[in-house]
Amino acid sequence: MLSLPATRMRLMAVRAGSGLAQWLALAIVSSLAIPVSSPAIRESYPVVAALVHGVCLFSGGAMIYSLALLLSTVFGDLWRPWLITLAIAMPVAFAEQVAQASSAIGLSPVMSGEQFFRTGHLPWAGLAFAFATSAALLYLAALNFERRDF
């Protein structure tokens, strides 16, 4: 596969892009399931709120995915990157719950869109932090993959 006329950077970009596109589709479609199915119980839920929730869910999940992708360039097996990612994400989420502080850039409040549903404003600082962190992790993953010797 690496003997094809594609650079390792392009190969990593396609890998990251396809993974993030799948995660975006999953976040948006699952969020849109709520307004689509809410009339079945004679309730309503705004489509805009569902889309906001999907984008917020995607931003936090992109950070987790990017960390796992970076770790997959370090370790050769399948399970270690995901287990290390979970070992980092779970204590962070637990600490946020124990502290009960609603941080503007915390992983759980950003992924849930808590600020939007409480105040009507998007968590711009948290979204910017999530996307910047994801971009940095993806860049490091691409650099690491490019330098890797197969």
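Here is a walk through this model, from its confidence scores to its helices, loop and salt bridges.

What you're looking at is a predicted model, in which local features need pLDDT of at least 70 and side-chain atom pairs count only at pLDDT 80 or more, while totals for chains, interfaces and linings use all residues. Residues are numbered from 1 along each chain as its sequence is written, and side-chain values use heavy atoms, with hydrogens and water left out.

Let's begin with confidence. The score is pLDDT, the predictor's confidence in each residue, from 0 to 100. The protein chain averages 88, and 92% of the residues score at least 70. Helix α2 (residues 47-74) has the highest confidence, at a mean of 94, and helix α4 (residues 107-112) the lowest, at 83. Those helix names come from DSSP runs, numbered from the N terminus: H or I over at least four residues makes a helix, and E over at least two makes a strand.

Now for helix α3, which covers residues 79-99 and includes tryptophan 79.

Which residues of α3 are buried? They are Pro81, Thr85, Ala89 and Glu96. Looking down the axis of α3, you'd see these buried residues fall within an arc of 35°, so they line one face of the helix. The arc is taken over the directions from the helix axis to the C-beta atoms. As background, an α-helix has 3.6 residues a turn, so residues three or four places apart point the same way. For the labels, buried means under 20% relative accessible area, exposed means over 50%, and partly exposed is in between (1.4 Å probe, protein chains only).

What do the buried residues of α3 pack against? Their partners are α2 and α4, with contact meaning heavy atoms within 4.5 Å. The face turned away from the buried side carries the exposed residues Trp79, Leu83, Ala87, Met90, Phe94, Gln97 and Val98. For tryptophan 79, the relative accessible area is 60%. Its C-alpha atom is 18 Å from that of alanine 16, a residue 63 positions away along the chain.

Next, the loop between α1 (8-37) and α2, where you'll find arginine 42. Arginine 42 has a phi near 60°, a positive value in a residue other than glycine. Is arginine 42 buried or exposed? Its relative accessible area is 79%, so arginine 42 is exposed. Serine 38 is also found in the loop between α1 and α2, but at 9% relative accessibility serine 38 counts as buried. Leaving out residues up to four places away in sequence, serine 38 touches Glu43, Ser44 and Tyr45.

Finally, the charged pairs. The structure holds two salt bridges, each a side-chain nitrogen of Lys or Arg within 4 Å of a carboxyl oxygen of Asp or Glu. Aspartate 77 pairs with arginine 80, their closest N and O atoms being 3.3 Å apart. Aspartate 77 is partly exposed at 33% relative accessibility, and arginine 80 is partly exposed at 41%. Glutamate 114 and arginine 118 form a salt bridge at 3.1 Å, N to O. Both lie in helix α5 (residues 114-119), four residues apart, which is about one turn of the helix. Glutamate 114 is partly exposed, at 22%, whereas arginine 118 is exposed, at 65%.
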